Amino acid sequence: MGVCAAALGFLIVYPTLRLVSRALVGWEWDAVLEGAGRAAILNTLFICFASVAASGIVGTALAFFVTRFSFPGRGALAALAYLPFALPPLAGTLSFYYLIGTDGLLPRWVHSVTDWDSFAIEGPAAILLIHTYSFSVFFYAMVSASLEGMDFSQ
C-alpha cells in the first residue's frame, strides 16, 4: 500500500501540483479574461451546457419512446441507439464530416432537391449536433434501463 501511495504521489500528484503552481504564477490573466480569451471561455461554457441539455432531451425521449411503445423496427432502433458506444470518436467525427460538411451528403441532397447553394451545418450548430449524437447514448442507456424495470401499471 505504501509503495502504491508513493508511486501515485511521485508520478501523479507532484507533477500536477508543480504544473498548477507554475501556471498560476506566470499566467497572463488579461489574455484569458479579456477579448478572444473571454469569448472562447464563454463559447465553451455555452456549448458545454447546451450539449448536456440537448443530449439529455434526445436520450431521454428516445429511451421513453423505445421502452414505452411497441412498433415495427423497435429492436433495431434500440440497437442503433447504442451505436455511439461502439464507434471510435474519430470514426464518428469523420462520419459527420462526410454527412453534414460543406461537400457532405446532406448538403448535396438539399441542393439537388431545392437548388440552395449552401446548406452545410457548420460552427456551433455542427458541434452541438455531434455532441448530442455522441452523448445522448449515456442518457438513453440509463433511462431505458430504469424504464424497463419500472411497473407501468402504477
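This briefing walks through the helices, the core, the aromatic rings and a few single residues of the structure above.

What you're looking at is a predicted model, where local features need a pLDDT of at least 70 and side-chain atom pairs count only at pLDDT 80 or more, while totals for chains, interfaces and linings use all residues. Residues are numbered from 1 along each chain as its sequence is written, and side-chain values use heavy atoms, with hydrogens and water left out.

**How confident is the model?**

- The score to know is pLDDT, the predictor's confidence in each residue, from 0 to 100.
- Across the protein chain pLDDT averages 87, and 99% of the residues score at least 70.
- Helices here are DSSP runs (H or I, at least four residues), numbered from the N terminus.
- Confidence in the protein chain is lowest in helix 2 (residues 29-33), with a mean of 77, and highest in helix 3, at 93.

**Helix 6 and its two sides**

- Helix 6 covers residues 89-100, so count 12 residues; from first C-alpha to last it reaches 16 Å, close to the 16 Å expected at 1.5 Å a residue. (That expected span is 1.5 Å times one less than the number of residues.)
- Now for accessibility: buried means under 20% relative accessible area, exposed means over 50%, and partly exposed is in between, using a 1.4 Å probe and protein chains only.
- Which residues of helix 6 are buried? They are Gly92, Phe96 and Ile100.
- These three cover an arc of only 35° around the axis, which puts them on the same side of helix 6. (The arc is taken from the directions from the helix axis to the C-beta atoms.)
- Some background: an α-helix has 3.6 residues a turn, so residues three or four places apart point the same way.
- Over on the other side of helix 6, you'll find Leu90, Tyr97 and Tyr98 exposed.
- The buried residues of helix 6 pack against helix 7 (105-114) and helix 8.
- Take Ile100, which sits in helix 6: its relative accessible area is 5%, so Ile100 is buried.
- Leaving aside residues up to four places away in sequence, Ile100 touches Leu106, Pro107, Ala120, Ile121, Ala126 and Leu129. (Contact means heavy atoms within 4.5 Å.)
- Ile100 and Ser144, 44 residues apart in sequence, are 29 Å apart in space, C-alpha to C-alpha.

**The nonpolar core**

- A nonpolar core is a set of buried Ala, Val, Leu, Ile, Met, Phe, Trp, Tyr and Cys residues joined through side-chain atoms within 4.5 Å.
- The largest one has five residues: Ala63, Val66, Ala78, Ala81 and Tyr140.
- Helix 3 (35-68) and helix 4 (74-81) each supply at least two residues of this core.
- What does Val66 touch, not counting residues up to four places away in sequence? Its contacts are Phe71, Arg74, Leu77, Ala78 and Tyr140.
- In soluble globular proteins, nonpolar side chains tend to be buried together.

**Aromatic rings**

- Rings of Phe, Tyr and Trp (its six-membered ring) pair if their centres lie within 6.5 Å; planes under 30 degrees apart count as stacked, over 60 as edge-to-face and the rest as tilted.
- How many aromatic pairs does the structure hold? There are eight.
- Why is the pair of Phe85 and Phe138 edge-to-face? Their ring centres are 5.2 Å apart and the planes sit at 80°, so the pair falls in that class.
- This pair links distant parts of the chain, with Phe85 in helix 5 (residues 83-86) and Phe138 in helix 8 (residues 123-148), 53 residues apart.
- Phe85 is partly exposed at 43% relative accessible area, and Phe138 is partly exposed at 42%.
- Tyr97 and Tyr98 make an edge-to-face pair, with 5.2 Å from centre to centre and 70° between the planes.
- Tyr97 counts as exposed at 53% relative accessibility, and Tyr98 is exposed at 55%.
- Ring pairs also join Phe64, Phe65, Phe69 and Phe71 into a cluster.

- Trp29 lies in helix 2 and is partly exposed, with a relative accessible area of 43%.
- The C-alpha atoms of Trp29 and Val143 are separated by 42 Å, and the two residues are 114 residues apart along the chain.
- Trp109 is in helix 7 and is exposed at 54% relative accessible area.
- Trp109 and Phe119 are 10 residues apart in sequence and 9.4 Å apart in space, C-alpha to C-alpha.
- Trp116 is placed in the loop between helix 7 and helix 8 and counts as partly exposed at 48%.
- Not counting residues up to four places away in sequence, Trp116 touches Val110 and His111.
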